[in-house]
Amino acid sequence: MKAKDVRKKFLQYFQEKGHQIVPSSSLVPKDPTVLLTLAGMLQFKPLFLGLEKPTYNRATSVQKCIRMNDIENVGNTSRHHTFFEMLGNFSFGDYFKKDAIVFAWVLLSNGFGIAQEKLWIAVFFFFF
Amino acid sequence: MVKLGEDNNFWAAGPTGPCGPCSEIYYDFGEKFGCGKPDCKPGCDCERFLEIWNLVFIEFNRNEKGELLPLPSKNIDTGMGLERICRILEQAPSNFDTDLFKPLMDRVKHLTHMKEPPILSLRIIADHARAVTHLIADGVLPSNEGRGYVLRRLIRRAVLHGKFIGVEKPFLTELSKEVIHQNGEVYPELIEHSSYILKVLEAEEGNFRTTLDKGLDLLQVLFQSSRQSKKIPGEEAFKLHDTFGFPFDLTVEIAKENGFEVDKEAFDREMEKQREKARSAGINKEDLLSAIRKMDLTKLKPTKFLGYEKMETDAKVAEIFPFQQVVVLDQTIFYPEGGGQVGDTGIITVGDKGIRVTNTLGAIDGIIFHVVDDVEDFKIGERVSMRLDIAKRKATETHHTATHLLQAALVHVLGKQVKQAGSMVSPQRFRFDFTYLEALTPEQIEKVESLVNHKIKEDLEVEISYTSLEEAKQLGATALFDEKYKDRVRVVRINEYSIELCGGTHVKHTGEIGFFRLISDSAISAGIRRIEGVCGQEAKIQVIYEGKKYRDELNELLKKYRFLQVEKEKLGGSKFLETDIFEIAGTELDNLSRAVDRKDSVSLRKFLQHLAGRLEWVNDRIKKVEKEIEGLKVGRGWEEVAGFENQTEDIKGISFYAKVLTSFPSHVLKDIVDKMRPVIKSGIIVLAALNPDKALFVISVSDDLTKTGFHEGHLVKILAEVVGGRGGGRPALAEAGGLDKTKVNEAITKLKEHLNNANPLS
């Protein structure tokens with residue numbers, strides 16, 4: 001599957017699940033605390049913090065990102081980049097863990113047809 | 001399912017802001033890609049597990065103190081790397097083997113002659129080409145700080161790796177075109193700004209290549225000298241950085257590539273030393289200000305600034321910073337450095353003692369800091385009086401008002417894309433930086449210059465008013481892009497021609513500027529140009545000085561020219577007719593200062609060009625005569641050796657010819673020998689010249705004899721030793737010189753003996 005089709009399929013899938021498709025924001029963020037846009041969530045930060053009222057409560061995007069912390073790894077590994085695109089889905093006080101996990105699992109296994117035994121999940125575990 | 005702790009599974013985009021625990025989805029490539037360790041699992045650094053999707057359950061906001069505060073609502077934020085999911089779906093061995101990177105890497109392969117270019121460099125170039133194209137499309141320009149530096153660093157790394165794999169020509173624009181072509185549909189800003197992106201890249205790559213070539217040459221030398229220790233001395237790395245502008249991280253990178261280390265500690269020490277030097281020289285005002293910033297300034301009120309209207313005033317001492325040699329007063333006439341204008345200088349009088357103010361700084365809570373020669377006599381609460389260095393202030397003002405006229409003229413000539421990007425005005429000159437992509441043509445420069453001079457001639461009033469920011473905007477006032485303005489802004493207005501928000505000091509009428517002259521136009525980074533110029537009395541002095549310099553230089557050249565003509569005639573050359581040679585007359589220099597007085601920049605340029613043209617003309621003539629003289633000398637030498645083909649001696653079967661000539665420079669001797677060689681096909685030729693300062697030998701051995709073991713280098717040494725000199729040379733021709741001219745014949749005899757005895761391997 002070509003990159004072009006992957007982007008399209010991802011956005012369409014979440015659109016069908018009631019998500020608003022939002023275009024990528026600039027690599028130069030409005031947020032003064034970071035130098036460059038490094039994740040899809042950055043443009044939604046005011047919504048997460050409750051500083052702005054969203055006109056939608058579910059969104060999906062393909063965000064261009066730059067991360068300089070991996071620059072020494074670029075090329076040495078098969079998986080690190082400075083510039084990359086992040087596919088994302090977001091919920092603002094709407095669905096939470098359960099739906100998010102189901103959405104992802106169904107898209108990967110049914111939508112993209114990845115064998116389930118190939119997929120591993122790592123979760124947050126806090127030792128008290 | 002694996003369980004990991006906060007390092008791995010708690011996500012935040014930065015030290016503060018929304019965050020929460022997360023679940024990551026990994027793809028398992030199978031054991032054969034793993035590290036084999038028993039505890040290998042998702043999160044391991046090896047290539048078995050690839051994190052593809054991170055689901056973050058955002059429930060907290062981390063504040064500046066590091067505390068986690070619950071958010072009003074529970075949110076979801078997920079992110080999946082497109083490059084990674086594509087790799088899985090395309091079943092590609094790495095992200096770089098997907099259709100996102102392959103076409104780029106293929107292009108790079110076509111640009112190099114290497115059969116198997118190192119994959120690391122191909123990957124880095126492809127990766128960085130994507131990053132830089134998108135960065136420029138989003139408005140980032142290469143610079144030395146912040147985002148601009150990120151961009152610059154990526155461009156430089158890409159170019160460097162291009163160099164590693166033997167790409168000799170600039171190549172980034174070509175790759176960038178591919179990125180635009182590939183992604184333009186998804187990111188239309190790439191297409192919209194495509195020509196801009198390519199221009200910026202072209203300029204930045206071009207600039208860097210020049211630096212790189214120079215730096216690489218120097219590094220090669222360092223690799224040679226450090227091949228034992230495999231460590232580049234930090235002092236040398238610092239020199240590269242300081243003198244040649246070669247970035248330290250690049251030195252490290254190239255060194256690594258060649259198996260060398262760089263002594264970073266020593267580099268840092270050198271950096272610190274330089275800072276220290278700057279500090280003790282008292283020019284590092286940043287350090288001064290940051291030291292002051294650490295002091296308690298809360299009890300100080302903003303200093304009242306009276307310097308727009310007054311040149312003298314009294315004031316009360318409010319604070320003294322003895323270590324920084326800084327004094328704060330309740331009010332002042334000294335303009336603090338700001339808005340590109342340098343700080344005022346002058347005298348503060350305490351009692352009957354005058355103390356020099358060497359600079360004035362501001363920018364902290366409206367407090368103005370006077371840097372003085374000595375703080376000893378100041379006492380808090382005492383009254384002092386002060387006086388400006390008026391001449392300096394006035395000169396600064398001419399330059400400041402001139403930059404306003406310049407900006408308006410640039411917009412007029414080049415278009416609205418011209419935006420101020422910085423400026424500096426001092427008593428001696430001005431500098432003005434602005435956004436524009438190309439170098440100005442000579443016509444544009446001339447036009448800008450004459451426009452500004454025209455406005456000076458009109459003697460327009462410079463009006464100052466205060467208004468709200470809104471109103472100023474409606475007037476069409478230009479202001480620095482991200483400068484922060486208060487509610488009440490100061491507007492500097494010159495007729496309808498120029499309206500700017502500005503806190504600096506200005507002349508009252510444009511006529512006071514006198515004259516305006518541009519000195520240079522250069523690029524300081526891609527997309528930003530710098531113009532420098534000078535006004536008023538300074539400009540006039542400079543022009544007069546330049547005219548004088550032309551006259552002196554021309555006079556020197558003419559002397560040399562006449563001397564050469566005499567030499568030529570002596571050698572039998574044609575007679576010299578002095579009809580078209582003139583010195584620069586005093587009246588011609590007067591033309592220059594008259595043009596300045598008339599504010600006629602167009603004529604001034606013409607006059608100066610004319611003078612430069614005359615210099616060039618004489619230089620051309622000199623070159624011609626020198627060539628003629630050389631021809632004549634070779635001809636004379638040729639006469640001196642006439643009949644040589646029948647005058648060779650036979651030494652053990654070798655044809656030998658030696659002759660002592662009159663005075664000739666070595667290149668003429670060589671020319672003569674070169675003419676003789678084809679005639680004496682096999683043999684040894686020795687020519688000697690008796691020059692006023694020393695004896696000179698040139699020796700030539702034919703190719704067939706060098707093959708049997710005769711070496712000119714050895715032979716010439718024999719000659720040189722006798723006359724007390726040294727020799728050396730290229731294989732077929734060698735020369736030697738010595739001081740004792742009386743022994744020339746003895747030297748030739750010695751050489752003949754040598755040939756007789758030591759045949760042939762000597």
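This is a predicted model: local features need pLDDT of at least 70, side-chain atom pairs count only at pLDDT 80 or more; totals for chains, interfaces and linings use all residues.
User: How many helices and strands does chain A have?

Analyst: Chain A has three helices and four strands, arranged along the sequence as α-β-α-β-β-α-β. Helices (H or I, at least four residues) and strands (E, at least two) are DSSP runs, numbered from the N terminus.

User: And chain B?

Analyst: Chain B contains 22 helices and 28 strands.

User: What share of each chain is buried?

Analyst: In chain A, 52% of the 128 residues are buried; in chain B, 47% of the 762 residues are. Buried means under 20% relative accessible area, exposed over 50%, and partly exposed in between, with a 1.4 Å probe and protein chains only.

User: What is the accessible surface of each?

Analyst: For chain A it comes to about 6,100 Å², with 55% belonging to carbon and sulfur atoms. For chain B the value is about 37,900 Å², and carbon and sulfur atoms account for 51%. These areas come from the Shrake-Rupley method with a 1.4 Å probe; for residues, only the protein chains shown count as cover.

User: What fraction of the contacts in chain B join residues 24 or more positions apart?

Analyst: Among chain B contacts with a separation of 6 or more, the fraction is 65%. In chain A, 62% of the contacts between residues at least 6 apart join residues at least 24 apart. A contact means heavy atoms within 4.5 Å.

User: Changing topic, what is the volume of the second largest pocket?

Analyst: Its volume is about 940 Å³. On a 1 Å grid over the protein atoms alone, a pocket is an open set of points with protein on both sides within 12 Å along at least five of seven lines, where a 1.4 Å probe fits; lining residues have an atom within 4 Å of a point. Grid points are joined across faces, edges and corners, and the volume is the space filled by probe spheres set on the points.

User: Which residues lie nearest its centre?

Analyst: Of the 37 lining residues, Arg67(A), Asp70(A), His80(A), Glu51(B) and Arg84(B) lie nearest the centre. By class, the lining has 16 nonpolar, eleven polar and ten charged residues. Ala, Val, Leu, Ile, Met, Phe, Trp, Tyr, Cys and Pro count as nonpolar, Asp, Glu, Lys and Arg as charged, and the others, Gly among them, as polar.

User: Which element gives the most to that lining?

Analyst: β4(B) does, with six residues. Elements that each supply at least two residues include β3 (83-92) of chain A and α2 (82-89) of chain B.

User: Is α2(B) covered or open?

Analyst: α2(B) is mostly covered, as eight of its eight residues are buried. Among them are Arg84(B), Ile85(B) and Leu89(B). Just after this helix, Gln91(B) takes a positive phi of about 55°.

User: What touches Phe112(A)?

Analyst: Leaving aside neighbours within four places in sequence, Phe112(A) contacts Met1(A), Val6(A), Lys9(A), Leu107(A), Met80(B), Ile85(B) and Leu89(B). Phe112(A) lies in the loop between α3 (97-111) and β4 (119-124) of chain A and counts as buried because its relative accessibility is 9%. Its C-alpha atom is 9.3 Å from that of Phe10(A), 102 residues apart along the chain.

User: Where is Trp11(B)?

Analyst: Trp11(B) is in strand β2 of chain B and is buried, with a relative accessible area of 16%. Not counting residues up to four places away in sequence, Trp11(B) touches residues of both chains, including Met41(A), Arg67(A), Cys19(B) and Asp77(B).

Key. Residues are numbered from 1 along each chain as its sequence is written. Chains are lettered from A and ligands numbered from 1 in the order in which they are written. Side-chain values use heavy atoms; hydrogens and water are left out.
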